[in-house]
Amino acid sequence: MNHSSNMEQMSLFDNRNETTPLASRLRPKTLEHFVGQEHLLGEGKMLRQLIERDQISSMIFWGPPGVGKTTLASIIAGKTRSNFINFSAVTSGIKEIKEVMAQAEQNRFLGVRTLLFVDEIHRFNKAQQDAFLPFVEKGSIVLIGATTENPSFEINGALLSRCRVFVLKPLTKENLTELLHHALAAKEGFGEQNITITERQLEAIAAFADGDARTALNILEMAVLNGEILSEGAIRVTDEELEQCISRKSLLYDKAGEEHYNLISALHKSMRNSDPDAALYWMYRMLDGGENPLYIARRLIRFASEDIGMADSQALIVAVAAYQACHFLGMPECDVHLAHAVTYLSMAPKSNAMLQAVETCRRDMKEKRAEPVPLQLRNAPTKLMKSLHYGENYEYAHNAKEKLTRMECLPESMKGTRYYHPTEQGAEKQVKERLLKIKAWKEER
């Protein structure tokens, strides 16, 4: 692919490109140029209508980095008739908040609405968030917050209840490829340069960026600035330069391609075979190839129940903790947490009884009719339901000395069906013994 222009070639270093990052130069100013978040901004979608009608109420944009939270605020700023204030939770304290609120109060008396955008709102402590609350309540300000953290945990309940939460999703590979093409063609980007870069290289950048537009554009900019300079100022991006820009030798393997699945397969099978050394090797091969550590952590969570299950239920706790650690720290620090989890899962006793139970049950869902819930198990909140014998003959296990009853909990046609067959591996041996005792007790009576 060759991106060129008949216009006079411009130096990479003699204009504002030198100081302003590509991602900032290309920040869209209208919804028409915004890429991604179709579930919120597509034709007729609620957020699009609110922005176009200038009917913004207090809201929180929640999503990962580089998906357009700040850009959306910028578009709203250009669209609204309100006084727009950009506020950073990183650099502002109570004093600055009170100054802004005082100004907002004055504006309200003058009939001017104030829109306050707070980037990284989760960085505010409780006292700082509380300082906003009375002004949001009485309408002095319309608050727009952006956060990468779950608002349920990071935003005060009273403040959150007055804000509408919009969840922004990671950009798709197609979204990112579209952005990269735009960057190469746009005047604000490299449209006035003669840049040669292959579609495969662009797809590799999009795959590595993993849903983050800022990362994708930063890599493209670095690759162009370090590209091979040809005659008449033309620049060609080579694989070697692209690899160096992000220090990942396996970058040019598509993360959705065969190599990606070969590596995760090798990791799973090494852990399943209780080989921690091989498992650590394949895990690090994935990290070195630019794999998102959260993807690896998600696969470990699945493995913990699929291949270990009740043989060591602690495995699931360790895997989930590793995911949280990766989320908190990111690369490169989180590699040791992944190594911890991979080693634990490799050394844990193995059982696939959970997987077998789920697969057998799933097959029954497809092949057998949906049986009605037995009367004794039905909820009976009304007199009519009681008159229809809902809940009749229900036996409350806590009333029994053994905490067991003979009540049948499966539909009549499925009586005796077993999905869970515990093994004798690890802690599951005790589970198997208990299950056999329970079944023997019921049969005796």
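Visitor: What makes strand β4 and strand β5 a pair?
Guide: Two strands pair if there are at least two bridges between them. In this predicted model, β4 (residues 114–119) and β5 (residues 141–147) share six bridges, in the parallel sense.

Visitor: Which residue is the bridge partner of Asp119 in β5?
Guide: Ala146.

Visitor: What order do the strands of the open sheet take?
Guide: The order is β3-β4-β5-β2-β6, five strands with parallel pairing.

Visitor: What makes β3 and β6 edge strands?
Guide: Each pairs on one side only. β3 covers 83–88 and β6 covers 164–167.

Visitor: By how many degrees are neighbouring strands of this sheet turned against each other?
Guide: By 15° on average, direction ignored.

Visitor: How do you know that helix α6 packs on the sheet?
Guide: Contact means heavy atoms within 4.5 Å. Helix α6 (residues 126–137) touches β3, β4 and β5. Its direction makes about 135° with that of β5.

Visitor: Now to Lys432. Where is its place?
Guide: In helix α20, residues 428–444.

Visitor: Why is Lys432 called partly exposed?
Guide: Buried means under 20% relative accessible area, and exposed means over 50%. Lys432 has 26%. That value falls in between, so Lys432 is partly exposed.

Visitor: Which residues does Lys432 touch, not counting those up to four places away in sequence?
Guide: Pro422, Thr423 and Glu424.

Visitor: How many residues lie between Lys432 and Met310 in sequence terms, and what is their distance in space?
Guide: They are 122 residues apart in sequence. In space they are 9.9 Å apart, C-alpha to C-alpha.

Key:
Residues numbered from 1 in each chain as written. Predicted model: local features only at pLDDT ≥ 70, side-chain atom pairs only at ≥ 80, totals over all residues. Heavy atoms only, no water. Helix = DSSP H or I, 4+ residues; strand = E, 2+ residues; numbered from the N terminus. Axes fitted to C-alpha atoms, helices over the stretch in contact; angles between N-to-C directions. Buried < 20%, exposed > 50% of the residue type's maximum accessible area, 1.4 Å probe, protein only.
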